[in-house]
Amino acid sequence: QHVIRIFKPMSEKLGWTKTPGEPETDMVKRASVLSILAKSGDSDTINKCKEMFKLSDTEPIDPDLRLMIYRSALRYADSEDESTSVCNALKSIFISTGELDALRAVGATHHESLIFETLDWAILSNDVRTQDLTTLINGFISTAVWEWFKSRYDNNLLELFNKKTFNIFGVVKCAASSLRTFESAEDFEMFFLKNPECNAKYSIGNEVFAIKQSVEKIKNRAAYRTKQLEDIQNYLSTMYQI
């Protein structure tokens, strides 16, 4: 709520549409401010995003706001059915126009089943070109990408990636970027220790190093997270004598 109170007046001043002769900085500010409000859960901004997404067939969305509107429409869908509907619409936009913002936005869902379905679609279909796989995968902000990787590993996942001539470690590093606990670092490391054929068949020195580096990054994030939590708890204890 504090963030919303700070940025809401700015959004009301900037509005949603460009005005003739406005400075280029206003375009950047508008996209940034509205994105912050949407991520902070401002209901007015979220509802406007959903409304604009529904009308996008007849009322084109400003390219500067497009990704934010797409992601908000999916992230804040009212039900899993609505999430599926929005996600399918984004896929259709990408297939028909090649619009990469639509591909980036499909990662905004929090529903694990929809994440699994979308990743399967990207790998199994011919709708997503090899060079666009990284764009899609990097759009996900959920630990579900790692769970998907593990669950699909025994189902010829490596062979599928190999057919697309896509370096599977791009997915591995993306999946690792969402992991933030010591437990997940151990899980990540143990997976590759238990599946050495992944390294042996599909990697050379750089990729092996990338796995070790990913483990260290997960542990660093976990340590930082633990420290931040301790600082917050100490602050609250001091302020409110908890």
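# Reading helix packing and aromatic contacts in a predicted model

Tutor: Of the 242 residues of the chain, 43% count as buried, where buried means under 20% relative accessible area, exposed over 50%, and partly exposed in between (1.4 Å probe, protein chains only). The model is predicted: local features need pLDDT of at least 70 and side-chain atom pairs count only at pLDDT 80 or more, while totals for chains, interfaces and linings use all residues. Residues are numbered from 1 along each chain as its sequence is written, and side-chain values use heavy atoms, with hydrogens and water left out.

Student: How many helices and strands does the chain have?

Tutor: Helices (H or I, at least four residues) and strands (E, at least two) are DSSP runs, numbered from the N terminus. Here the chain has 14 helices and zero strands.

Student: What share of the contacts in the chain with a separation of 6 or more comes from residues 24 or more positions apart?

Tutor: Contact means heavy atoms within 4.5 Å. In this chain, residues 24 or more positions apart supply 69% of the contacts that have a separation of 6 or more.

Student: How is the packing of two helices described, and at what angle do α3 and α4 pack?

Tutor: Axes are lines fitted to C-alpha atoms, for helices over the stretch in contact, and angles run from 0 to 180 degrees between N-to-C directions. Angles under 35 degrees count as roughly parallel, over 145 as roughly antiparallel, 65 to 115 as roughly perpendicular and the rest as oblique. For α3 and α4 the angle is about 105°, with the axes 8 Å apart, which means that α3 is roughly perpendicular to α4.

Student: Which residues of α3 and α4 meet?

Tutor: From α3, Cys49, Lys50, Met52 and Phe53 meet Met68, Ile69, Tyr70, Ser72 and Ala73 of α4. For classes, Ala, Val, Leu, Ile, Met, Phe, Trp, Tyr, Cys and Pro count as nonpolar, Asp, Glu, Lys and Arg as charged, and the others, Gly among them, as polar.

Student: Is Thr45 buried or exposed, and what does Thr45 touch?

Tutor: Thr45 lies in helix α3 (residues 43–54) and is buried, because its relative accessible area is 3%. Not counting residues up to four places away in sequence, Thr45 touches Trp16, Leu34, Leu37 and Ala38.

Student: At what angle do α4 and α5 cross?

Tutor: Helix α4 (residues 63–75) and helix α5 (residues 80–97) cross at roughly 150°, and their axes come within 8 Å. This angle makes α4 roughly antiparallel to α5. Tyr70, Ala73 and Leu74 of α4 make the contact with Ser83, Val86, Cys87, Leu90 and Ile93 of α5. By class, these residues divide into seven nonpolar, one polar and no charged.

Student: How many aromatic pairs does a search of the whole structure find?

Tutor: Rings of Phe, Tyr and Trp (its six-membered ring) pair if their centres lie within 6.5 Å; planes under 30 degrees apart count as stacked, over 60 as edge-to-face and the rest as tilted. The search finds nine aromatic pairs. One of them is Trp146 with Phe191, which is edge-to-face at 5.3 Å centre to centre and 80° between the planes. This pair links distant parts of the chain, with Trp146 in helix α9 and Phe191 in helix α12 (residues 182–194), 45 residues apart. Phe191 and Phe192 also form an edge-to-face pair, 5.1 Å centre to centre with 90° between the planes.

Student: Why do Phe191 and Phe192 count as buried?

Tutor: Phe191 is buried because its relative accessible area is 10%; Phe192 is buried because its value is 4%. Trp146, Phe149, Phe188, Phe191 and Phe192 form one aromatic cluster.

Student: Where is Arg221 found, and what is Arg221 in contact with?

Tutor: Arg221 is found in helix α14 (residues 205–240) and is partly exposed, with a relative accessible area of 21%. Leaving aside neighbours within four places in sequence, Arg221 is in contact with Ala176, Ser177, Ser178, Leu179 and Arg180. The C-alpha atoms of Arg221 and Arg180 are separated by 5.4 Å, although the residues are 41 apart along the chain.
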